[in-house]
Amino acid sequence: MKIGIIGATHAGVYAAKQIKSEHPEAEVTVFEKNTTVSFLSCGIALWIGDHVSDPEKMFYETPESMRNQGITMLMAHQVNQADLKSKTLIVTNLDTEEVTTQQFDKIVITTGSKPVIPNIPGIDSNRVYFCKSWDDATRIKSVAKDLKRVAVIGAGYIGAELAEQLSVTGKQVTLIDGADRVLAKNFGPAFTERIQKEYEKNNVDVVLNQFVSKFENTPNGIKITTPNASYEADIAILGIGFLPNTDLFSGQLETLPNGAIIVNDYMQTSEDNVYAAGDASTVFFNPTQAIDYIPLATNAIRQGILVGKNIVEPTTRYLGTQATSAVELYEQAMVATGLNSATAKEKGLDVIETVIESDYRPDFMLSTTSVLSSLTWEKDTGRIVGGSFMSQHDVSQSANLVSIAIQKQMTIDELAMSDFFFQPNFSQPINYIPEVALAAVAEKQALTLAYY
């Protein structure tokens, strides 16, 4: 069995490893246009902020370690054409420029995503930086020490982390986004209002409801123009989102309008013996019970593993995703899973988001701190579709717990009465997770009484 994998993204790496684990006899060949694999790009902001012990540790595999597992790694090899019906690839060796044609029994597409690059005058300036690949990371890191002023375009996770790390290392930062809130797609207003104040305390100029219309080089840096104003910086860093990198397969597979390859529960595409995983493909989003495009490393890794498990025959179903995520900004842990009230409305769900704040452990302890908690739930059924938590206390595992609750389609009533331990070192008599669920139940009961 000859298997060709296009791309050594997280999904590609895990697909190759799992295929060899499940089927040691398989001939697995990976084509990667770059010279590195498995880069943890989520660590870029931390590296810029000098919180990484060794940048080489931002890779969990190397081409050599993959070869040691019996995988043929063709680095600096660009797949130029792919005929998915015949499973034929035309490939260029970027080092020698030699072009070869190779045929396989099965093809796995793990070409990942590409940054959104809007058609803005001046965006090709050498003072405009991107934040995606190892090359992007090293390019930013090479100039970071000498920067005084930085404009960060995009206030999602990437931009939010970059702005925070640059500000705490003494840079003058301007954070620009077209939305009306920072992290608007990740958290509800109660959370974003609070973290925006932290940016302002740290002298970050937060510019919202404005889209960049032009970049212009200046003698001392770059000018960023919006319809309302202009801002000057040494460099601008773009972090405004990603699109599936699937142009190579245009017209050959069923896709979403944005090009994301539609896969079933077993990572199979619309073409026989062609699989896709990771940022190139769709996911099944459990809060909406529909396919969606959510580029996250966690999704990619699980989907890559599933390719390996299902490469011969469909045996292990994909359980879907809740898009569970986390970030730490100004010593505040912020974690989320599923939807909040704003994103649920965009998806057409009729929901309520219940928000409370309480200390994570009893006040008789020598120290404690508050947790801002929310649950988003369907108004009619009480089904949980989202949850968020924010605190200086480590609340990261709370998102994982609520993620499982969403996956299992639990209701607020069920979560409110679920078993959580009490021990004063760790928790209140009622943990903050069932506490917010109890508040949601009370809110639902009040709505029912008001209706009657």
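Student: Is S65 buried, partly exposed or exposed?

Tutor: S65 counts as partly exposed, because its relative accessibility is 22%; buried means under 20% relative accessible area, exposed over 50%, and partly exposed in between, with a 1.4 Å probe and protein chains only. Please keep in mind that this is a predicted model, where local features need pLDDT of at least 70 and side-chain atom pairs count only at pLDDT 80 or more, while totals for chains, interfaces and linings use all residues. Residues are numbered from 1 along each chain as its sequence is written, and side-chain values use heavy atoms, with hydrogens and water left out.

Student: Which helix holds S65, and what does its side chain touch?

Tutor: S65 sits in helix α3, which covers residues 63–67; helices are DSSP runs of H or I with at least four residues, strands are runs of E with at least two, and both are numbered from the N terminus. The side chain of S65 is joined to that of E61 by a polar contact of 2.4 Å, meaning a pair of N or O atoms within 3.5 Å where, within protein, one must be able to donate a hydrogen and the other to accept it, and where residues adjacent in sequence count only if both atoms are side-chain atoms.

Student: Switching to backbone angles, what is the phi of M267, and where is that residue?

Tutor: M267 is not a glycine, yet it has a positive phi of about 70 degrees, and it belongs to the loop between β17 (242–244) and β18 (274–276). M267 counts as buried, because its relative accessibility is 0%.

Student: And E331, buried or exposed?

Tutor: E331 counts as exposed, at 59% relative accessibility. E331 also has a positive phi, of about 65 degrees, although it is not a glycine, and its place is in the loop between β21 (325–329) and β22 (332–338).

Student: OK, zooming out, how many helices and strands are there?

Tutor: The protein has 11 helices and 25 strands, and of its 452 residues, 52% count as buried.
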